[in-house]
Amino acid sequence: MAADSRRPFVVRAAGGTVQALGTRFNVKYVDDVVTTAVNRHAVLVQAGSAPGRQIDHGWQISYGSDGLGEPLPANLETIEAWRRDRLV
């Protein structure tokens, strides 16, 4: 997907948004919790009325009804495994 600042790529899930900042990322929505992991570059994650947070390569963050959590290191090998038809 080509970057177009006039039309940013935004994923909306469970009352929050994840906006691509020239990136590759994963969004998982399970049991009312959204988890975003960044594989390349960065994303901007916003949940509810809290300010957005930029999440960089190698990190993940989750949000749900209790708001935006703290960033954590992401296990990119596990996150990317589904792209190679592998279960880890």
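The structure is a predicted model, in which local features need pLDDT of at least 70 and side-chain atom pairs count only at pLDDT 80 or more, while totals for chains, interfaces and linings use all residues. Residues are numbered from 1 along each chain as its sequence is written, and side-chain values use heavy atoms, with hydrogens and water left out.

T36 belongs to strand 4, which covers residues 33-40; strands (E, at least two residues) and helices (H or I, at least four) are DSSP runs numbered from the N terminus. With a relative accessibility of 1%, T36 counts as buried, where buried means under 20% relative accessible area, exposed over 50%, and partly exposed in between, using a 1.4 Å probe and protein chains only. Leaving aside residues up to four places away in sequence, T36 touches V18, F25, N26, V27, V43, V45, W59, Q60 and I61, a contact being heavy atoms within 4.5 Å. One of these residues, V18, is 18 residues from T36 along the chain, and the C-alpha atoms of the two are separated by 7.8 Å.

N39 is also placed in strand 4, and its relative accessible area of 10% makes N39 buried. The residues that N39 touches, not counting those up to four places away in sequence, are R24, F25, N26, H57, L76, I79 and E80. With E80, the side chain of N39 makes a polar contact of 2.4 Å, a term for a pair of N or O atoms within 3.5 Å in which, within protein, one must be able to donate a hydrogen and the other to accept it, and for which residues adjacent in sequence count only if both atoms are side-chain atoms.

**The salt bridges**

The structure holds 2 salt bridges, each defined as a side-chain nitrogen of Lys or Arg within 4 Å of a carboxyl oxygen of Asp or Glu.

| Salt bridge | N to O distance |
|---|---|
| R24 and E80 | 2.8 Å |
| R53 and E70 | 3.4 Å |

R24 is partly exposed at 30% relative accessibility, whereas E80 is buried at 12%.

In the other pair, E70 forms a salt bridge with R53; E70 sits in the loop between strand 8 (67-68) and strand 9 (72-73) and R53 in strand 6 (residues 53-56), so the pair ties together parts that are 17 residues apart in sequence. E70 is exposed, with a relative accessible area of 57%, while R53, at 31%, is partly exposed.
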